[in-house]
Amino acid sequence: MTAATVLDYDEVLERFDPVLGLEVHVELNTHTKMFCGCPTAFGAEPNTQVCPTCLGLPGSLPVVNRVAVESAMRIGLALNCEIAPWCRFARKNYFYPDMPKNFQTSQYDEPIAFNGSLDVTLEDGTVVTVAIERAHMEEDTGKSLHVGGATGRIHGADHSLLDYNRAGVPLIEIVTKPIEGMGERAPEVARAYVSTLRDLLAALDVSDVRMDQGSLRCDANVSLMAKGATEFGTRTETKNVNSLRSVERAVRYEMTRQAAILVDGGSILQETRHFQEATGTTAAGRRKETSEDYRYFPEPDLVPIAPPAEWVEQLRATLPEMPSQRRKRIQADWQLTDLELRDLVNAGAVDLVAATVEAGASPAEARAWWVSYLSQEANARGIELAALSITPTQVARVSALVAEGKLTNKLAREVIDGVLAGEGEPDEVVEKRDLAVVSDDSALYAAIDEALAAQPDVAEKIRGGKVAAAGAIVGAVMKATKGQADAKRVRELILERCE
Ligand SMILES: [Zn+2]
């Protein structure tokens, strides 16, 4: 192909309208799997959380996890969905080594929740209502580890290892209706949708929503329609995009890649693609199957689920304060301007700041740390704020040390750096790096006397009543204490010494 592999973004928008479809898989935080009693904890030794049912051994029979069904309904309700009065599981048949049963127990044409919506606020405050097609229950697959290749992919690997601990972990798949008419904002809308959904799922406490651990994964379907066209173009599905930033980048890249092909007279292959974090591009995966390929049929080993209306209403009553309502309350409680609230939300810092305040910091201090210093650190590392290796409790502790006069702001930043670098709790970092403010007056007197002796003319001026001259001595003392003294206290002591 001689044409450019991507088209300039502005040109894409002149010629095409993007259409998005977002599929988010969320792993539920139930203690046990979807159809058996195996534990679901992340990070256990491979193949230690398995049984005949989740390994699909002959004769084993599944039993539905009641808590998972409740979580599915609560998610549906929070997304303004209708809850099916009767629904079934279906078998999705395909062979894949990480799926020991040779089929995935999922839902097909009878999802538990459907026809919902989610309001998404963009960075400038614009609200976009994203229509939800369905939220259905299914189970996760195991994990393959391809060993010996450069990329961790199966190509070039010399062998593969399989871990079935994750096989059978409850999943909810949330599928949007096509999102049209977003134009240049399509990538931003995709990111904001996943971010809003993540906040909502966290508020529901149905998942730990860790994108970095795969408990929240987004598949982004992208297609382009020529301006004025009425039919959707062929779409690609970029799989398992695992950070908010990557969702935005993947959508944008696909728009520019597809546009280059279409402009050159080519056609888009319906296929899955993989997002490549390092280059910000997508690479071809497999040709996309159609639903016929999966030979879906109703799961014969499970009875249908028919939640009585009272059960649904009971669950509706357990819905927590929704993130959008919570933001309004926080704005009032912390007396934030619209702009301050938006900065807080855009930094992904609402929960972190709230937790820091809960741990004892003032809202202003907590906000200052997360929205400025820690956001910069997260940006520099190219990760989400929440993925920084510091907790709200630790930030609150640093904030308390400043309030108690044991750290200056400058020293506090060093303590934060130490915590981020894995040097331990704030108090340990203070000790190890010797960062505490020198508050011992006798140590300060020694440094002051030395500075006064070194600059006798300045000392004379202060004694003569020229208080402003003390600045030079303060400077010398701060230097001698490597900035670890409280300048105000040093000044007081100098004047006292020169009385
Ligand atoms: Zn099991």
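This note covers salt bridges in a predicted model.

1. Basis. Local features need pLDDT of at least 70 and side-chain atom pairs count only at pLDDT 80 or more, while totals for chains, interfaces and linings use all residues. Residues are numbered from 1 along each chain as its sequence is written, and side-chain values use heavy atoms, with hydrogens and water left out.

2. Total. Across the whole structure, the search finds 33 salt bridges (a side-chain nitrogen of Lys or Arg within 4 Å of a carboxyl oxygen of Asp or Glu).

3. R66 and E70. These two residues form a salt bridge, with 3.6 Å between the closest N and O atoms. Both lie in helix α2 (residues 66-78), four residues apart, so about one helical turn separates them. Helices here are DSSP runs of H or I, at least four residues, numbered from the N terminus. R66 is exposed at 53% relative accessible area, whereas E70 is partly exposed at 21%. Here buried means under 20% relative accessible area, exposed over 50%, and partly exposed in between, with a 1.4 Å probe and protein chains only.

4. R210 and D212. The closest N and O atoms of this salt bridge are 2.9 Å apart. R210 is partly exposed, its relative accessibility being 36%.

5. E321 and R329. A salt bridge joins these side chains, at 2.9 Å from N to O. E321 is partly exposed, with a relative accessible area of 31%; R329 is also partly exposed, at 37%.

6. Network. Salt bridges also link E27, D140, R166 and R217 in a network.

Conventions
Helix = DSSP H or I, 4+ residues; strand = E, 2+ residues; numbered from the N terminus.
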